[in-house]
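Reader: I'm new to this one and would like to learn how to read it. Can you walk me through it step by step?

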Amino acid sequence: NDVIASRLGFVGGALLELPLGPTLSFQPEILYEQKGGKYNGSPYQLNYVEVPILLNITLIGPLGILLGPSFDATVFNSGLNNVNNGEISLVGGLQMNLAQFLVSGRYEAGLTNVTTTQGFQNGTFTLLVGLLFI
């Protein structure tokens with residue numbers, strides 16, 4: 001595997017939580033996310049506008065599981081050639097809703113190659129902390 005480093009980056013955005021029942025909700029999001037790493041020893045940076053379409057399944061109290069796809073559009077590239085315009089990923093993680101605060105930890109596994117010429121995908125660990133307005 002030629003990818004040997006990762007990039008610490010910013011993630012920010014907004015979400016809606018639409019209840020589907022007592023323990024299930026639909027959670028579409030729009031996020032701006034910075035990704036990157038090193039490929040063959042050279043650093044690269046990629047920024048995306050992402051649209052995760054998630055289900056939030058309540059486990060116990062405020063703790064829930066997040067599952068679903070994410071559709072990502074590339075908006076910035078530095079250090080790689082032939083970058084795809086977007087990617088499709090699978091997201092899985094845990095989320096805790098504490099009154100008006102939200103804490104979410106998730107992993108996003110890329111299903112599409114980052115470039116058209118090299119066979120590697122993004123894999124991203126994300127920690128989100130937010131404030132719920134509604």
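Author: Let's begin with a term: two strands pair if DSSP finds at least two bridges between them. Keep in mind that this is a predicted model. Here, strand 4 and strand 5 pair in the antiparallel sense over 14 bridges. One example is Ser 25, whose bridge partner in strand 5 is Asn 56.

Reader: What lies between strand 4 and strand 5?

Author: Two residues, and the two strands form a hairpin. In the turn, Asn 40 has a positive phi of about 50°.

Reader: Which residue stands opposite Ser 25 in strand 3 (residues 18-19)?

Author: That's Pro 19. Strand 3 joins strand 4 through two bridges, running antiparallel, and this pair is a hairpin too, with four residues between the strands. Strand 4 (residues 24-39) also runs antiparallel to strand 2 (residues 11-15), with five bridges joining them. There, Ala 14 stands opposite Ile 30.

Reader: Stepping back, how many helices and strands does the chain have?

Author: Zero helices and nine strands. As for overall form, the radius of gyration is 16 Å, close to the 14 Å that the globule rule gives for 134 residues, so the chain is as compact as a globular protein of that length. Its C-alpha atoms fill a box of roughly 45 × 25 × 20 Å along the principal axes.

Reader: Now the inside. Where do nonpolar side chains tend to be in soluble globular proteins?

Author: They tend to be buried together. In this chain, the largest nonpolar core has eight residues: Tyr 39, Tyr 44, Leu 46, Tyr 48, Leu 80, Val 83, Val 114 and Phe 120. Strand 5 (residues 42-60) gives the most to this core, with three residues. Take Tyr 44: beyond its neighbours within four places in sequence, its contacts include Tyr 39, Leu 80 and Phe 120. Lys 35 is also among them.

Reader: Is Glu 108 buried or exposed?

Author: Buried means under 20% relative accessible area. Glu 108 is at 4%, so it counts as buried. This residue lies in strand 8 (residues 101-110).

Reader: Which side chain makes a polar contact with the side chain of Glu 108?

Author: The side chain of Lys 35, at 3.3 Å. Not counting residues up to four places away in sequence, Glu 108 also touches several others, including Glu 33, Glu 50, Asp 72 and Glu 87.

Reader: And what share of the whole chain counts as buried?

Author: Of the 134 residues, 34%. The accessible surface comes to about 7600 Å², and 64% of that belongs to carbon and sulfur atoms.

Methods:
Residues are numbered from 1 along each chain as its sequence is written. This is a predicted model: local features need pLDDT of at least 70, side-chain atom pairs count only at pLDDT 80 or more; totals for chains, interfaces and linings use all residues. Side-chain values use heavy atoms; hydrogens and water are left out. A nonpolar core is a set of buried Ala, Val, Leu, Ile, Met, Phe, Trp, Tyr and Cys residues joined through side-chain atoms within 4.5 Å. Buried means under 20% relative accessible area, exposed over 50%, partly exposed in between (1.4 Å probe, protein chains only). Contact means heavy atoms within 4.5 Å. A polar contact is a pair of N or O atoms within 3.5 Å; within protein, one must be able to donate a hydrogen and the other to accept it, and residues adjacent in sequence count only if both atoms are side-chain atoms. The radius of gyration is taken over C-alpha atoms; the globule rule is 2.2 Å times the number of residues to the power 0.38. Accessible areas come from the Shrake-Rupley method with a 1.4 Å probe; for residues, only the protein chains shown count as cover.
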